Each structure stands twice: as structure tokens, then as C-alpha cells.
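Here is a short briefing on one protein chain. Look at the structure first, then work through the points by topic.

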Amino acid sequence: QVQLVESGGGLVQAGGSLRLSCVASGSISTVNTMGWYRQGPGKQRELVATIFAGSNTNYADSVKGRFTISRDDAKNTVFLQMNSLKPEDTAVYFCNANVRPYGGYVNDYWGQGTQVTVSS
């Protein structure tokens, strides 16, 4: 029906950068809010950043000034540019999208996650 696929994770040294991408595909009528969450080792999943349909954004305090979320509505894609990475940013990063499928109801969808590891 609707699938989210993330890419761009990997291993990087502290101070480095990574760019995550997430593509929503399937029987999509409308993509509303899109966002990134993360779950570090032994931690609960937490919000990283969201971007609304009008392109307003919201960030966790821990990433403000370092991470930038953006979207390409023509491609149903959301990006997360991560700069000045810290070891505490190490986590599995999940993409989330609020989507109305054709002939269906609005629902939240999740990607499978992509690992980001920041070495000190």
C-alpha cells in the first residue's frame, strides 16, 4: 500500500556529516507531515525533526543548529542533513510520514530504519 524506504546511514567520525533520505511510495494521494525519529541503544524512540505540508519545521533541542530537515513533494521524499555529528547522535533513524492513500484514510507510516554510528 504505502512504503517508506530510508537510505544514507553509515559510520562517520565525530564532527562529520551525513544526509539521510526517505522516499514514500505506493498508492499515495497526499503526504502531510513527514519526520525523522531515532532510537539509540537502550533508549526510547525520540523525535528528531518534523516538516509540515507548508514546510514549517520543528526540531529537538539536541539537534537544533546542526540538523536540517527538508522535503521534495514532487518525489514524496524527506531529507535530513546532519552536520557536526556527535557520538550521542548514534542511533537507528526512522522516517515517518502521515499519508492519505488513494481510497483510504490518513495514517502514519514508518520506514525500516537506517543505522547512524558516530565514532569519537
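At 40% relative accessibility, Ser84 counts as partly exposed; buried means under 20% relative accessible area, exposed over 50%, and partly exposed in between, using a 1.4 Å probe and protein chains only. The model is predicted: local features need pLDDT of at least 70, side-chain atom pairs count only at pLDDT 80 or more, and totals for chains, interfaces and linings use all residues. Residues are numbered from 1 along each chain as its sequence is written, and side-chain values use heavy atoms, with hydrogens and water left out.

- Ser84 is found in the loop between β8 and β9. Strands are DSSP runs of E with at least two residues, and helices are runs of H or I with at least four; both are numbered from the N terminus.
- The phi of Ser84 is near 50°, a positive value in a residue other than glycine.
- Ser55 sits in the loop between β5 and β6 (57–59). Its phi is near 75°, also a positive value in a non-glycine residue.
- Ser55 is partly exposed, with a relative accessible area of 42%.
- Most residues other than glycine have a negative phi.

**The chain as a whole**

- The protein chain has zero helices and 11 strands.
- Does its radius of gyration agree or disagree with that of a compact globule? With 120 residues, such a globule would have a value near 14 Å; the chain has 14 Å, which agrees. The radius is taken over C-alpha atoms, and the globule rule is 2.2 Å times the number of residues to the power 0.38.
- Along its principal axes, the C-alpha trace spans about 50 × 25 × 25 Å.
- Buried residues make up 42% of the 120 residues.

**The four-stranded sheet**

- An open sheet of four strands has the order β1-β3-β8-β7, with antiparallel pairing. Two strands pair if DSSP finds at least two bridges between them.
- Phe67 has Met82 in β8 as its bridge partner.

- Along β11 (residues 114–119), the side chains alternate. Thr114, Val116 and Val118 point to one face and are buried.
- Val12 stands opposite Val118.
- Three bridges join β9 (residues 91–101) to β11, and these two run antiparallel. Tyr93 stands opposite Thr114.

**The nonpolar core**

- Which residues touch the most other members of the largest nonpolar core? Of its 31 residues, they are Trp36, Leu80, Met82 and Tyr93. A nonpolar core is a set of buried Ala, Val, Leu, Ile, Met, Phe, Trp, Tyr and Cys residues joined through side-chain atoms within 4.5 Å.
- The largest share of this core, five residues, comes from β9.
- Not counting residues up to four places away in sequence, Tyr93 touches residues including Trp36, Phe67, Leu80, Met82 and Val116. Contact means heavy atoms within 4.5 Å.
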